[in-house]
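Hi everyone, thanks for coming. Please have a look at the model on the screen, and I'll walk you through it step by step.

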Amino acid sequence: MRRWLLLLLLIAVAAAIAAWFVSAPRPLYARADWRAYEDGGDPGRGRIMFLAGGCESCHMTPGQSDPLKLGGGYELKTPFGSFFPPNISPDPQDGIGGWKVVDLANALLVGVSPEPAHLYPALPYTSYSHMKFEDVRDLMSYLRTLPPVKGRAPPHRLSFPFNIRRGLGFWKLLYLKGGVPADDPTKSAAWNRGHYLVEGPGHCAECHSPRDLFGGIVASKRFAGGLTADGKHKVPNITQGGALAKWSQSDIETALSLGLTPDGDSLGGDMAPVVRNLSQLPKDDIAAIAAYIKSLPAIPSAGK
Amino acid sequence: MKRTLIIVATLALGMGAVYAASDAIAKRQALMKANGKAATAIVKIMKGAPFDLDVVQASLKTFIDSAEKGPALFPEDSKTGDDTGALPAIWQDKKDFEAHFAKLGDDAKAALGSIKDTASLKAEMPKVFDDCGACHEKYRAKKD
């Protein structure tokens, strides 16, 4: 009898060790190798990534109107609790002035901080993980040109068990796929560019898809409509199974660049800042995004 | 008798208030519909239809008219009902809300003065359309 108990105890310990190992935060790039990845970023191209990614929507200092002041502290209310996106200005103490390119790459591509610790997917790295390393490096060069801002965001206020960061290791096993999408040679160059911008930096699926109990995107309903982060308002289906079936590619371009739907309504809510950003992208990129969105196979609108 | 009169009068007043509220909602929804039509007419030209100054100016005047009439169409008693998309935030910061209308009016007037051809139309209109989005961002909930 005692032997059985001992065996059970051993199994439990082994399982705990395995769980601890499996859930460990693993950077993609070793910090010790930072020099090899540091040079070559282009701030002009990085600005395109900044606009496509909409970084300022969450990271800009609240209560003021300059989207380039990235002091953080905005309260992002979700069903799991409140997130306070951090200061990502180049301030060396309060912001990410001390970060290397590899640190940003680890944050965006695998959701791991320099500590290393798991970052919460309120930072939509489930999408950013599809970005090219060079684009992350360009983004870092651009972020470094922005004004440093003092002050730190308060810590996240989350309910149990979501306040246990280590648990994100398991979450990532389920939901973090990553990898740059392969070019589809049967499609146009514009479509492939749009595919990349929408699935990667643009992270459109993060709001336009329903989520399951653990906050992961329901794969079979990707782009078929979701809820705003606070869970209060519906976000439309952007596959051809929704209102966009009647929109032309040019209609989608108008919506993304001028904020106007075919019947002249002006997009509001969380989409308004997206339009403000996208309207500054090169025309070709808007056309590319629209070409990809128009090609999304019809899925009936998600129930929630 | 007196009491009946008072009750009838109170009811009438109450109905009147309800009517006024739904009237305000209907009126502002009609303004927004008109703005949508006006915007669509301008977008057509921006996307390649022949430039027509009359159409452009009529559209801009529609925006200016909305900016002037809009603020009065959000009385305290029109927060709910009639499928309104108006968010409670409007009545929490009425000054800011009304400032958005004022900015739309100013920007539309400036556009009215400066748009002469397709090139100036393309240059000026995004600022005006930005005003629509900026207000909808904070104060309008989209129903579907």
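In chain B, residues 24 or more positions apart account for 75% of the contacts with a separation of 6 or more; two residues are in contact if their C-beta atoms, placed from the backbone, lie within 7 Å. Before going on: this is a predicted model, where local features need pLDDT of at least 70, side-chain atom pairs count only at pLDDT 80 or more, and totals for chains, interfaces and linings use all residues. Residues are numbered from 1 along each chain as its sequence is written, while chains are lettered from A and ligands numbered from 1 in the order in which they are written.

So what is chain B built from? It has five helices and zero strands, and from the N terminus the order reads α-α-α-α-α. Helices (H or I, at least four residues) and strands (E, at least two) are DSSP runs, numbered from the N terminus. Of the 144 residues of chain B, 29% count as buried. Buried is given to a residue with 20 or more other C-beta atoms within 10 Å of its own, exposed to one with 12 or fewer, and partly exposed to those in between, with C-beta atoms placed from the backbone.

Arg28(B) sits in helix H1 (residues 2-46) of chain B. Is Arg28(B) buried or exposed? Arg28(B) counts as buried because it has 20 C-beta neighbours inside 10 Å. Leaving aside residues up to four places away in sequence, Arg28(B) touches Gly70(B), Leu73(B) and Phe74(B). Pro88(B) is 60 residues along the chain from Arg28(B), and their C-alpha atoms are separated by 16 Å.

Now a pair of helices. Two packed helices are described by the angle between their axes and the distance between the axes. In chain B, helix H4 (residues 94-114) and helix H5 (residues 118-139) pack at an angle of about 170°, with their axes 10 Å apart. Axes here are lines fitted to C-alpha atoms, for helices over the stretch in contact, and angles run from 0 to 180 degrees between N-to-C directions. That angle makes H4(B) roughly antiparallel to H5(B); the cut-offs are under 35 degrees for roughly parallel, over 145 for roughly antiparallel, 65 to 115 for roughly perpendicular, and oblique for the rest. Among the residues making the contact are Phe97(B) and Leu104(B) of H4(B), and Met125(B) and Val128(B) of H5(B). The contact residues divide into nine nonpolar, three polar and five charged. Ala, Val, Leu, Ile, Met, Phe, Trp, Tyr, Cys and Pro count as nonpolar, Asp, Glu, Lys and Arg as charged, and the others, Gly among them, as polar.

On to chain A, which comes to 13 helices and five strands. Buried residues make up 42% of its 304 residues. Chain A is divided into domain 1 (26-175) and domain 2 (189-294), with bounds from an automatic or database domain assignment. The C-alpha centres of these two domains of chain A lie 22 Å apart. In chain A, 22 residues of domain 1 are in contact with 20 residues of domain 2. Which helix gives the most to the side of domain 1 of chain A that touches domain 2? H3(A) does, with five residues.

Finally, where the chains meet, the contact takes 19 residues from chain A and 18 residues from chain B.
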